[in-house]
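Please open the model in a viewer and keep the selection panel at hand.

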Amino acid sequence: MTKVRNPAAKRGKWWWVKWLFIAPVLLFVVVQLYFLLQIWWWVGHNPTTTAFMRAQRAALQEVNPKANIQQQWVPYARISGNLKRAIIASEDANFSDHEGVDWEALQKAYEKNNKKKKVVSGGSTITQQLAKNLFLSGSRSYLRKGQELIITYMLEALMDKERIFEIYLNVVEFGKGIFGAEAAAKHYYGISASKLGAAQAAKLAVMLPNPRFYDKHRDSNYLARRTGVILRRMGSAELP
């Protein structure tokens, strides 16, 4: 007896195979569109929360259900120029010039980490740090780093440097549950962000790579030495 083939069944089988490849691509595109639309909204509206804020609030509330983070938005003009210069001098000296990623700094960080046999330098720009803070977790992986780069270029494409820096200054972590320049100035010095002096600003900037640790070790020798270095560099820091 001749075996009857079923073309419809064969097409159905290939349809599922195609979707195994198409579905992840579509999901990737949808996620990128979400990020793009969110960034576009933030061009003219201030973020009320970030991925880092939500994660830390959840961690704090595991210990104390009533715990919350400290953060208060202040306009760019009401943040001390000392803090702006200190952060650029400490975190991203080429911020005003690069297009989101400082490839030379990344190369130097890679070589330094290889030499030390551990991660001692990140090489991330202010825009990259903002991308991570807004949307991503603190985990380290090539997949997460790739997504960070995509978001970084979205931020640079839709926002000018001043807006990127304004958002960064208002959402970056300065300690356990402390986010943004205003909350940091009040937490560490009992003053507003507009009144930060040069030495105070330099110390806050130096704390950024590991703010929770330095919140508990405010008088460490490294913090004092590095603060002096940043104080000397602040004069040449270029603001956007």
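Select E182 and K186 and display their side chains: the two meet in a salt bridge at 3.5 Å, N to O; a salt bridge here is a side-chain nitrogen of Lys or Arg within 4 Å of a carboxyl oxygen of Asp or Glu. Because they stand four residues apart in helix α8, E182 and K186 are separated by about one helical turn. Helices (H or I, at least four residues) and strands (E, at least two) are DSSP runs, numbered from the N terminus. E182 counts as buried at 5% relative accessibility, whereas K186 counts as partly exposed at 42%. Buried means under 20% relative accessible area, exposed over 50%, and partly exposed in between, with a 1.4 Å probe and protein chains only.

The model is predicted: local features need pLDDT of at least 70, side-chain atom pairs count only at pLDDT 80 or more, and totals for chains, interfaces and linings use all residues. Residues are numbered from 1 along each chain as its sequence is written, and side-chain values use heavy atoms, with hydrogens and water left out.

Now extend the selection to the whole of helix α8, residues 181–189. Its buried residues are A181, E182, A183, A184, A185 and Y188. Just after α8, select G190, which takes a positive phi of about 70°.

How many salt bridges does the structure hold? There are seven. For another of them, select R212 and E173, whose closest N and O atoms are 2.6 Å apart. This pair links distant parts of the chain, with R212 in helix α10 and E173 in strand β2, 39 residues apart. R212 is partly exposed at 43% relative accessibility, while E173 is buried at 10%.

Next, select D215 and R218, which form a salt bridge with closest N and O atoms 2.8 Å apart. D215 is buried at 16% relative accessibility, and R218 is partly exposed at 30%. Then select R144, K145 and E148, which a network of salt bridges links together.

Move to helix α7 and select E166. Is this residue buried or exposed? E166 is buried, with a relative accessible area of 13%. Its side chain makes a polar contact with the side chain of R163 at 2.7 Å; such a contact is a pair of N or O atoms within 3.5 Å, where, within protein, one must be able to donate a hydrogen and the other to accept it, and residues adjacent in sequence count only if both atoms are side-chain atoms. Leaving aside residues up to four places away in sequence, E166 touches W73, V74, P75 and Y76, contact meaning heavy atoms within 4.5 Å.

Helix α2 follows. Its 13 residues reach 19 Å from first C-alpha to last, close to the 18 Å expected at 1.5 Å a residue; the expected span is 1.5 Å times one less than the number of residues. Select its buried residues, A51, F52, M53, Q56 and L60. They pack against β1 (70–71), α5 (126–135), α7 (161–171), β2 (173–175), β3 (178–179) and α10 (211–216).

Finally, select V43, in the loop between α1 and α2. V43 is partly exposed, with a relative accessible area of 37%.
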